[in-house]
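Biologist: Can you walk me through this one? I am new to reading structures.

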Amino acid sequence: MLDRAGIAARIPHQGAMCLLNAVVDWSETAISCRAVSHADPDNPLRADHRLGAAAGIEYAAQAMAVHGALLAAASDAPRRGYLASVRGVNLHVDRLDDLPGELTVSAERLSGDGNHILYRFAVAHAGRSLVEGRAAVILDAAKENPS
């Protein structure tokens, strides 16, 4: 298990923008995390005093980033990833901030090579699916297109 400080040490998101509280489980192909920041009134993704369900995509993106960092060798330099696209996204609720307790954020690596990865992701609460979809991630995009 990895706590919030361990997560923040591995991803570029810092302070309130580090949305995940713990890595519960991970393997070569998947990661499962917990989050409680959705209920925080100071969550930086809130708009008009609410946290819309689409913010779940950012929670999932951070889980993917942690997954990549955990898979990297300790001697590897950190690599920046960018969401190139999200597909097949289903929002089963309107908002996340009105849910008490923890969210479960999971991501499964479906395919990929050294620089392009396809993940399936899900955000759930008390066993209920809130947000799900697929995301294409490009690592070190500036190296691929230096212009």
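**His49 and the rest of the chain**

Modeller: His49 is exposed, with 73% relative accessible area; exposed means over 50%, buried under 20%, and partly exposed in between, with a 1.4 Å probe and protein chains only. This is a predicted model, where local features need pLDDT of at least 70 and side-chain atom pairs count only at pLDDT 80 or more, while totals for chains, interfaces and linings use all residues. Residues are numbered from 1 along each chain as its sequence is written, and side-chain values use heavy atoms, with hydrogens and water left out.

Biologist: Where is His49 found?

Modeller: His49 sits in the loop between S3 and helix H2 (56-71). Helices (H or I, at least four residues) and strands (E, at least two) are DSSP runs, numbered from the N terminus. The phi of His49 is positive, about 65°, although His49 is not a glycine.

Biologist: Which residue other than glycine has a positive phi near 50°?

Modeller: Ala126, whose phi is near 50°. Ala126 lies in the loop between strand S6 (116-125) and strand S7 (128-139), and Ala126 is exposed, at 75% relative accessible area.

Biologist: Let's change topic. How many helices and strands does the protein chain have?

Modeller: The protein chain has 3 helices and 7 strands. Along the sequence they follow the pattern β-α-β-β-α-β-β-β-β-α. The radius of gyration is 15 Å, close to the 15 Å from the globule rule for 147 residues, so the chain is as compact as a globular protein of that length. That radius is taken over C-alpha atoms, and the rule is 2.2 Å times the number of residues to the power 0.38.

Biologist: What does the C-alpha trace span along its principal axes?

Modeller: About 40 × 30 × 30 Å. Buried residues make up 34% of the 147 residues.

Biologist: In what order do the strands of the open sheet come?

Modeller: The order is S1-S2-S3-S5-S6-S7-S4, an open sheet of 7 strands with antiparallel pairing. Strand S1 (2-3) and strand S4 (81-91) are the edge strands, each pairing on one side only. Two strands pair if DSSP finds at least two bridges between them.

Biologist: What holds paired strands together, in general?

Modeller: Strands of a sheet pair through backbone hydrogen bonds, either parallel or antiparallel.

Biologist: And over how many bridges do S1 and S2 pair?

Modeller: Over 2 bridges, in the antiparallel sense. Leu2 stands opposite Val23 in S2.

Biologist: What about S2 and S3?

Modeller: Strand S2 (residues 22-26) and strand S3 (residues 30-35) are antiparallel over 4 bridges. They form a hairpin with 3 residues between them. Ala22 stands opposite Arg34 in S3, and the bridge partner of Trp26 in S3 is Ile31.

Biologist: Back to single residues. Is Val123 buried or exposed?

Modeller: Val123 counts as buried, at 0% relative accessibility. Val123 lies in strand S6.

Biologist: Which residues is Val123 in contact with?

Modeller: Leaving aside neighbours within four places in sequence, Val123 is in contact with Gly56, Leu103, Thr104, Val105, Arg128, Ser129, Leu130 and Val131. Contact means heavy atoms within 4.5 Å.

Biologist: What share of contacts join residues at least 24 apart?

Modeller: Among contacts between residues at least 6 apart in sequence, 60% do.
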